[in-house]
Amino acid sequence: MPKLLSWLLALLLAFAPAPMAQAADAAFSLPPLPYANAALEPAIEATTMAIHHDRHHQGYVNNLNAAVAAEPALRGLELEALLKRPSRRSNAVRNNAGGHWNHSFFWASLTSPGQGGAPSPELLTAIDRDFGSFEAFQASFKAAGAGRFGSGWVWLIVNPKGTLEVVSTANQDNPLMDLPEGRGTPLLGNDVWEHAYYLQYQNRRADYLDAWWSVVNWPVVSDRYAKQLA
Ligand code: MN3
């Protein structure tokens with residue numbers, strides 16, 4: 001018996017991937033923030049940004065890499081292919097592919113207060129057409145963010161009919177996923193998980209939702225809309 005055990009152990013060690021090799025081969029990596037941690041102050045403080053990006057987003061990336069490594073059939077798939085059909089995926093893939101996509105999209109949607117410009121004329125026209133006014137759109141977005149029970153996201157999307165819509169998703173789901181409700185192409189998204197605001201705003205999610213408008217990067221959002229029109 002001891003001989004068999006030592007033979008089995010040798011076999012396991014021979015086929016176990018070395019931890020360093022696994023890290024080097026990782027399918028996904030954390031994109032750096034496109035600005036300094038303090039760039040979004042006072043709307044979002046540097047400490048919140050550092051923890052949110054360096055720990056939470058890194059965690060989704062690490063867990064996604066581990067989930068993909070554990071399922072050989074998923075190797076080589078792009079991020080959007082991994083998250084598109086959540087009913088066919090493990091919860092680990094669904095949650096962490098969503099977490100990685102959502103946060104990458106979120107950082108890219110923001111900029112320093114005063115730097116965010118304004119929506120393009122085409123986007124403003126569509127907002128007026130589908131919400132009545134820019135203020136009505138903001139009120140709808142805030143209500144959806146405040147009304148999301150527990151953790152999730154609020155989005156501005158172009159739905160399959162080509163109209164703008166505000167939707168909310170639970171956990172790390174997003175509108176690209178093949179879910180019964182709220183499907184479309186995201187133009188803008190806000191993270192309403194407590195980790196996004198709690199250090200600074202505690203339970204005052206509505207105050208965070210109000211302050212967040214000051215850091216939206218409207219040229220980026222407008223470019224996304226232009227790509228949908230094209
Ligand atoms: Mn988050």
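**A manganese site and the fold around it**

Reader: What is the secondary structure content of the protein chain?

Author: In this predicted model, the protein chain contains 10 helices and 3 strands.

Reader: And which pattern do they follow along the sequence?

Author: The order is α-α-α-α-α-α-α-β-β-β-α-α-α.

Reader: Which residues are the protein donors of the manganese ion?

Author: The donors are His52, His103 and His195, each through NE2, together with Asp191 through OD. They lie 1.9 to 2.2 Å from the ion. Their spacing in sequence is H-x50-H-x87-D-x3-H. His103 belongs to helix H5 (residues 91-108) and Asp191 to strand S3 (residues 185-191), so this pair ties together parts that are 88 residues apart in sequence.

Reader: Are His103 and Asp191 buried or exposed?

Author: Both His103 and Asp191 are buried.

Reader: What about S3 as a whole, buried or exposed?

Author: S3 is largely enclosed by the rest of the structure, because 6 of its 7 residues are buried.

Reader: Which strand is joined to S3, and by how many bridges?

Author: S1 is joined to S3 by 6 bridges, and the two run antiparallel. Within this pairing, Val158 stands opposite Thr185 in S3.

Reader: How do S1 and S2 pair, then, parallel or antiparallel?

Author: Strand S1 (residues 152-158) and S2 are antiparallel, with 7 bridges. Trp155 faces Val167 of S2 across the pairing. The two strands form a hairpin with 5 residues between them, and Gly162 in that turn has a positive phi of about 90°.

Reader: How many residues are in the largest nonpolar core, and which have the most contacts inside it?

Author: The largest nonpolar core has 57 residues, and those with the most contacts inside it are Phe137, Leu164, Tyr208, Trp212 and Trp218. Beyond four places in sequence, the residues that Leu164 touches include Leu123, Ile127, Phe131, Leu156, Leu187 and Tyr225. Arg129 and Asp130 are also among them. In soluble globular proteins, nonpolar side chains tend to be buried together.

Reader: What share of the protein chain is buried?

Author: Buried residues account for 41% of the 230 residues. The accessible surface comes to about 12,000 Å², with 57% of it belonging to carbon and sulfur atoms.

Reader: How many of the contacts join residues at least 24 apart?

Author: Counting contacts between residues at least 6 apart in sequence, 68% join residues at least 24 apart.

Reader: Lastly, what is the mean pLDDT, and where is the pLDDT below 50?

Author: The mean pLDDT of the protein chain is 91, and 90% of its residues reach 70 or more. The pLDDT is below 50 over residues 7-22, a stretch with 2 contacts in the model beyond near neighbours in sequence. Where pLDDT is low, the predicted coordinates should not be read in detail.

Technical notes:
Residues numbered from 1 in each chain as written. Predicted model: local features only at pLDDT ≥ 70, side-chain atom pairs only at ≥ 80, totals over all residues. Heavy atoms only, no water. Donors = N, O, S within 2.8 Å, 3.2 Å for Na, K, Ca; no water. Helix = DSSP H or I, 4+ residues; strand = E, 2+ residues; numbered from the N terminus. Buried < 20%, exposed > 50% of the residue type's maximum accessible area, 1.4 Å probe, protein only. pLDDT = per-residue confidence, 0-100. Contact = heavy atoms within 4.5 Å. Areas by Shrake-Rupley, 256 points an atom, 1.4 Å probe, with all protein chains shown as cover. Pairing = 2+ DSSP bridges. Core = buried A, V, L, I, M, F, W, Y, C linked by side-chain atoms within 4.5 Å.
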